[in-house]
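Here are my notes on the model you sent, as numbered points.

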Amino acid sequence: MAIKRTLLIVLMLASQGLAAALAEQRWDGPRSGPPRQPGHYQVLYLAQDLRNGGIAGSYRAFASAAALLGWQLQMIDGKGSSALLRQALASAISQRRVQGVILGGIAASDMRVEIGAARQAGIPLVGWHATATPGAQDGLFFNVTTDPQEVARLAASYVIQQSQGKAGVVIFNDERFDIANAKTRFMQQTLAQCKTCKLLSVENIPINHAAERMDAVVRQLNQRYGKQWTHTLAINDVYFDEMNYPLLHVQRADIRNVSAGDGSSKAITRIRAGLSQQSATVAEPLAAQGWQMADELNRAFAHASPSGYASKPILLTREVLQQLGEQDIDAALPYQQAYRAIWRLR
């Protein structure tokens, strides 16, 4: 029943568009919480890799909210280096330079020692995609993300619908991240419910190596599977930033690509314009999530409980984006008004 319900939702979105639905959206996030905490807070934002559009988008929104709250923000771009990020966090803790930390796209499981040291020092940590699911876990005050199961189901169900149940699918994953592995697992489960579809392979390609590896990967997959390969699913849009020319080189303009996150600005631009073979992305409301990270950290400063809120993913196709025009996908969500009211700001 779950796959049928998801397919019905996908069909409705593809045929009717999302603009009207977004216009009617009501804020389902937090409406109460502690006001802006007084004092001069130093906050460290550790970004796994700002080439990742989801990390970059959520960071920009967080930075604007942090400025509003009067925090002094330092950002470090790890450029895919876990060692650099661990060293930066350990240094900030030992020198007592920060009162709060954001883990932007960094797997909390890779930072267990440093997270333990931060907690011992009384420094709260908030994550964005730091664990596979939303909530307080793995030493984090809260992890901000959508439900990866819903993201994966939307993406895989759209592929099933687009192929009329005849898809031959390759999945791109990055095994370093718990949330990526969860999305991949749920996409596999969804595809398995389509008896006439075929999962060809799951390819482990680190996101930060996508540019250098994509040409060879596409050639190898085309040689291995030929016309059986009809669709590609990926855990992030970055793979499709690099895939269009390799597909053209092997004369595979027929393959369609769908991303299970995060709705980067590059992906949205190319889907809206119809300039690539990526036909859809399951986007996260990155701006709203950036403000949620600020709210969760403010709650931690106030020694309050986390909000417990998980935002909803949004399937974006060319038809949907053309109806939305140039506005952001979460432009209709009154998240700024909601958080300003919580923080007692006008």
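1. Gln164 sits in the loop that links helix 6 (148-162) with strand 6 (168-173). Helices (H or I, at least four residues) and strands (E, at least two) are DSSP runs, numbered from the N terminus. The phi of Gln164 is positive, about 55°, although Gln164 is not a glycine. Gln164 counts as exposed, at 68% relative accessibility; exposed means over 50% relative accessible area, buried under 20%, and partly exposed in between (1.4 Å probe, protein chains only).

2. On the source: this is a predicted model, in which local features need pLDDT of at least 70 and side-chain atom pairs count only at pLDDT 80 or more, while totals for chains, interfaces and linings use all residues. Residues are numbered from 1 along each chain as its sequence is written, and side-chain values use heavy atoms, with hydrogens and water left out.

3. Lys79 is another non-glycine residue with a positive phi, here about 50°. Lys79 lies in the loop between strand 2 (72-77) and helix 4. With a relative accessibility of 58%, Lys79 is exposed.

4. The peptide bond between Gly261 and Asp262 is cis, with omega about 5°. Asp262 belongs to the loop between strand 9 (256-259) and helix 11 (265-273).

5. How many disulfides does a search of the whole structure find? The search finds one, taking a disulfide as a pair of cysteine sulfur atoms within 2.5 Å. Cys194 and Cys197 are the partners, with an S to S distance of 2.2 Å. The link is right-handed, with 65° about the S-S bond. Cys194 is buried, at 11% relative accessible area, and Cys197 is buried at 13%.

6. Helix 3 (residues 53-68) and helix 12 (residues 286-301) have axes that come within 7 Å and cross at roughly 50°. Axes are lines fitted to C-alpha atoms, for helices over the stretch in contact, and angles run from 0 to 180 degrees between N-to-C directions. The angle makes helix 3 oblique to helix 12; under 35 degrees counts as roughly parallel, over 145 as roughly antiparallel, 65 to 115 as roughly perpendicular and the rest as oblique. Residues in the contact (heavy atoms within 4.5 Å) include Gly53, Gly54 and Gly57 of helix 3 and Gly290 and Trp291 of helix 12. By class, this contact has 10 nonpolar, six polar and no charged residues. Here Ala, Val, Leu, Ile, Met, Phe, Trp, Tyr, Cys and Pro count as nonpolar, Asp, Glu, Lys and Arg as charged, and the others, Gly among them, as polar.

7. Helix 12 also packs with helix 14 (residues 335-342): their axes come within 10 Å and cross at roughly 10°. Helix 12 is therefore roughly parallel to helix 14. Among the residues that meet are Trp291, Asp295 and Arg299 in helix 12 and Tyr335, Tyr339 and Arg340 in helix 14. The contact has six nonpolar, two polar and three charged residues.

8. Helix 4 (residues 82-94) packs with helix 5 (residues 112-120) at an angle of about 15°, with the axes 10 Å apart. That makes helix 4 roughly parallel to helix 5. Arg86, Leu89, Ala90 and Ile93 of helix 4 make the contact with Glu114, Ala117 and Ala118 of helix 5. These residues divide into five nonpolar, no polar and two charged.
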